[in-house]
Amino acid sequence: MLLKRPRTQQLQKESVLAVEVIVNEMNCEFRTHTPDNAGIDGEIDLVKGFEFQGKIIKTQVKAGTSYITADREDYVRIKVEKK
């Protein structure tokens, strides 16, 4: 049997990698998590200067055009839901 890799799986991986790059450029630490039932894809450890602040943001990375509300050359606007 031939196994297939869905496009959504590739898009999810690309999205997590993009978040990791952005967080690294902000001089913070991003750690990925194995997908779990809670939907946590990773966490961001905040750094100020060269010191870890002891503050962690849990993240869930969403991927797909349905989350984009505006796409221009200078920015992309996305929907964020607060729960």
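Helices (H or I, at least four residues) and strands (E, at least two) are DSSP runs here, numbered from the N terminus. On that basis the protein holds 1 helix and 5 strands, and reading along the sequence gives the pattern α-β-β-β-β-β. Please keep in mind that this is a predicted model: local features need pLDDT of at least 70, side-chain atom pairs count only at pLDDT 80 or more, and totals for chains, interfaces and linings use all residues. Residues are numbered from 1 along each chain as its sequence is written, and side-chain values use heavy atoms, with hydrogens and water left out.

**Overall shape and surface**

- The radius of gyration, taken over C-alpha atoms, is 15 Å for the protein, while a compact globule of 83 residues would have one near 12 Å. The globule rule behind that comparison is 2.2 Å times the number of residues to the power 0.38.
- Along its principal axes, the C-alpha trace spans about 50 × 35 × 25 Å.
- Of the 83 residues, 18% count as buried, where buried means under 20% relative accessible area, exposed means over 50%, and partly exposed lies in between (1.4 Å probe, protein chains only).
- The accessible surface comes to about 7300 Å², by the Shrake-Rupley method with a 1.4 Å probe. Carbon and sulfur atoms account for 54% of that surface.
- Contact means heavy atoms within 4.5 Å. Among contacts between residues at least 6 apart in sequence, 14% join residues at least 24 apart.

**Charges**

- There are 14 positive and 13 negative side chains, with Lys and Arg counted as positive, Asp and Glu as negative, and His and the chain ends not counted.
- The centres of the two sets lie 6 Å apart, each charge being placed at NZ of Lys, CZ of Arg, CG of Asp or CD of Glu.

**The salt-bridge network**

- Side chains of opposite charge can pair when their charged atoms come close.
- The structure holds 4 salt bridges, each defined as a side-chain nitrogen of Lys or Arg within 4 Å of a carboxyl oxygen of Asp or Glu.
- A network of salt bridges links Arg31, Glu43, Asp45 and Lys58.
- Glu43 pairs with Arg31, their closest N and O atoms being 3.2 Å apart. Because Glu43 lies in strand β2 (residues 42-48) and Arg31 in strand β1 (residues 29-32), this pair ties together parts that are 12 residues apart in sequence.
- Glu43 counts as buried at 10% relative accessibility, whereas Arg31 counts as partly exposed at 30%.
- Arg31 also forms a salt bridge with Asp45 (3.3 Å, N to O). That pair links distant parts of the chain, with Arg31 in strand β1 and Asp45 in strand β2, 14 residues apart.
- Asp45 is buried, with a relative accessible area of 10%.
- Glu43 meets Lys58 in a further salt bridge (2.8 Å, N to O). Since Glu43 lies in strand β2 and Lys58 in strand β3 (residues 51-59), the pair ties together parts that are 15 residues apart in sequence.
- Lys58 is exposed, and its relative accessible area is 52%.

**A look at Ala70**

- Ala70 sits in strand β4 (residues 68-71) and counts as buried at 15% relative accessibility.
- Leaving aside neighbours within four places in sequence, Ala70 is in contact with Tyr75, Val76 and Arg77.
- Gly39 is 31 residues from Ala70 along the chain, and the C-alpha atoms of the two are separated by 25 Å.
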